[in-house]
Amino acid sequence: MSPGSQVSLVNRGIAEINPQPFGGEATVAVVGLTRSGTSMIASLLNEFGIFMGEKIDNAVFEDVAVADLIEKADFEALAAVAAHRNSAHSVWGFKRPNAFREISSIELLLRKPRVIVTFRDILAIAMRNNISMEMDILSNLGRYVAEYELLVRCISGVKCPMLLVSYEKFLQFPVESIQTVAGFVGVQLTAELQERALGVVENGPEAYLKSSRLTYVGHVDRIVNGKLRGWAMYSGQPKRRARVHAFVNGQLVHTIVADRRREDLVKAGVGDGHHGFEMDVDPTWPADARLDLKVGNTGEALTNSGKKLAAYAIAR
């Protein structure tokens with residue numbers, strides 16, 4: 001790559017590779033590692049008024065139809081979708097983090113492509129996955145190092161204009177970053193639009209975290225023969241077993257995996273039925289002790305949790 005093929009914003013965390021003036025038409029592809037800020041960029045483009053798909057997942061601003069075609073590597077169908085959108089929009093885009101793996105093929109079938117690639121501190125990515133998906137932090141650090149190596153290899157051959165964006169620097173310098181992205185995709189910023197865009201950047205991290213975090217269903221039942229029974233399940237992921245943390249007067253006393261088969265859950269069609277748990281109840285715990293059962297690492301309490309021990313029906 002020649003020295004003249006890249007332009008950087010000093011100390012602002014954005015580098016433009018293969019810079020070319022915006023020519024009135026473009027297809028914008030937003031790629032990068034998962035949890036690296038692609039959703040922030042996609043939501044920003046959406047706020048700019050750029051068409052980002054007919055069926056958008058509003059939690060992550062991802063074009064469901066295009067994402068499916070990219071995952072299947074169905075480039076013929078993707079080309080047909082692109083042609084249809086070209087006829088309707090002078091500028092349109094899509095976000096698919098892992099599309100960087102196929103970027104050399106995708107670049108060839110898009111009209112005047114412009115690629116935005118997000119980068120983020122790998123520890124921050126690992127910690128976000130720990131919060132949202134309960135993935136182990138240490139084991140994921142090595143994975144992201146390897147993923148970044150692959151990302152760099154894949155984008156090194158890109159010939160079209162490409163914007164490399166630091167997520168951390170974007171949050172540090174939002175005005176300059178928003179202006180740079182707007183210029184890259186041909187958007188004329190008004191004071192009002194810039195203010196709305198700032199709101200997207202400032203409110204995005206918390207909203208995204210809430211939307212992407214695992215959610216749960218479950219219930220604390222009763223104490224039978226010295227064991228507290230209940231069930232817990234990840235919503236939408238019935239094969240994954242939830243971890244239940246038990247607290248007595250605020251002190252962690254047990255962590256249990258909810259993986260027991262319960263016939264009532266099977267009959268009710270709750271997941272695969274293997275979501276029950278049992279926990280030994282220490283006879284020395286006072287009857288007025290508060291019992292809280294929370295799921296995963298989110299602090300979300302199970303239904304019927306938070307009562308005094310005596311309030312749970314005890315069968316003898």
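**View A. Val-295 is buried, with a relative accessible area of 1%.** Buried means under 20% relative accessible area, exposed over 50% and partly exposed in between (1.4 Å probe, protein chains only). The model is predicted: local features need pLDDT of at least 70 and side-chain atom pairs 80 or more, while totals for chains, interfaces and linings use all residues. Residues are numbered from 1 along each chain as its sequence is written, and side-chain values use heavy atoms, without hydrogens or water. Val-295 belongs to strand 15, residues 290–295. Helices (H or I, at least four residues) and strands (E, at least two) are DSSP runs, numbered from the N terminus. Beyond four places in sequence, Val-295 touches Tyr-216, Ala-242, Arg-243, Glu-300 and Leu-302. Contact means heavy atoms within 4.5 Å. Ile-256 is 39 residues from Val-295 in sequence. Their C-alpha atoms are 9.7 Å apart.

**View B. The whole protein has 10 helices and 18 strands.** Of its 316 residues, 45% count as buried. Take the contacts with a separation of 6 or more: 65% of them join residues 24 or more positions apart.

**View C. The largest nonpolar core has 29 residues.** Such a core is a set of buried Ala, Val, Leu, Ile, Met, Phe, Trp, Tyr and Cys residues joined through side-chain atoms within 4.5 Å. Which residues have the most contacts inside this core? They are Phe-94 and Val-115. Helix 6, residues 137–155, supplies the largest share of the core, with five residues. Val-115 reaches well along the sequence list below, leaving aside neighbours within four places:

Another core, of 28 residues, lies apart from the largest one. Among its members are Tyr-167, Ile-178, Val-181 and Val-185.

**View D. Helix 2 packs against helix 3, with axes that come within 9 Å.** Helix 2 covers residues 64–71 and helix 3 covers residues 75–88. The axes cross at roughly 150°, so helix 2 runs roughly antiparallel to helix 3. Axes are lines fitted to C-alpha atoms, for helices over the stretch in contact, with angles from 0 to 180 degrees between N-to-C directions. Under 35 degrees is roughly parallel, over 145 roughly antiparallel, 65 to 115 roughly perpendicular, and the rest oblique. Which residues make the contact? Helix 2 contributes Val-66, Leu-69 and Ile-70. Helix 3 contributes Ala-77, Leu-78, Val-81 and Arg-85.

**View E. Helix 1, residues 38–47, is mostly covered.** Eight of its 10 residues are buried. The buried residues are Thr-38, Ser-39, Met-40, Ile-41, Ala-42, Ser-43, Leu-44 and Leu-45. Just after the helix comes Gly-49, with a positive phi of about 95°.

**View F. Leu-123 sits in helix 5, residues 122–133.** Is Leu-123 buried, partly exposed or exposed? Leu-123 is partly exposed, at a relative accessible area of 38%. Its contacts, not counting residues up to four places away in sequence, are Ile-137 and Leu-141. Leu-138 is 15 residues from Leu-123 along the chain. The C-alpha atoms of this pair are separated by 8.8 Å.

**View G. Gln-179 sits in helix 8, residues 174–184.** Gln-179 is partly exposed, with a relative accessible area of 40%. Leaving out residues up to four places away in sequence, Gln-179 touches Leu-189 and Gln-194. Gln-194 is 15 residues from Gln-179 along the chain. Between their C-alpha atoms the distance is 8.0 Å.

**View H. Asn-225 takes a positive phi of about 50°, although it is not a glycine.** Where does Asn-225 lie? The residue is in the loop between strand 9 (216–224) and strand 10 (227–234). Asn-225 is exposed, with a relative accessible area of 62%.

**View I. Asn-304 has a positive phi near 75°, in a residue other than glycine.** Asn-304 is placed in the loop between strand 16 (300–301) and strand 17 (307–308).
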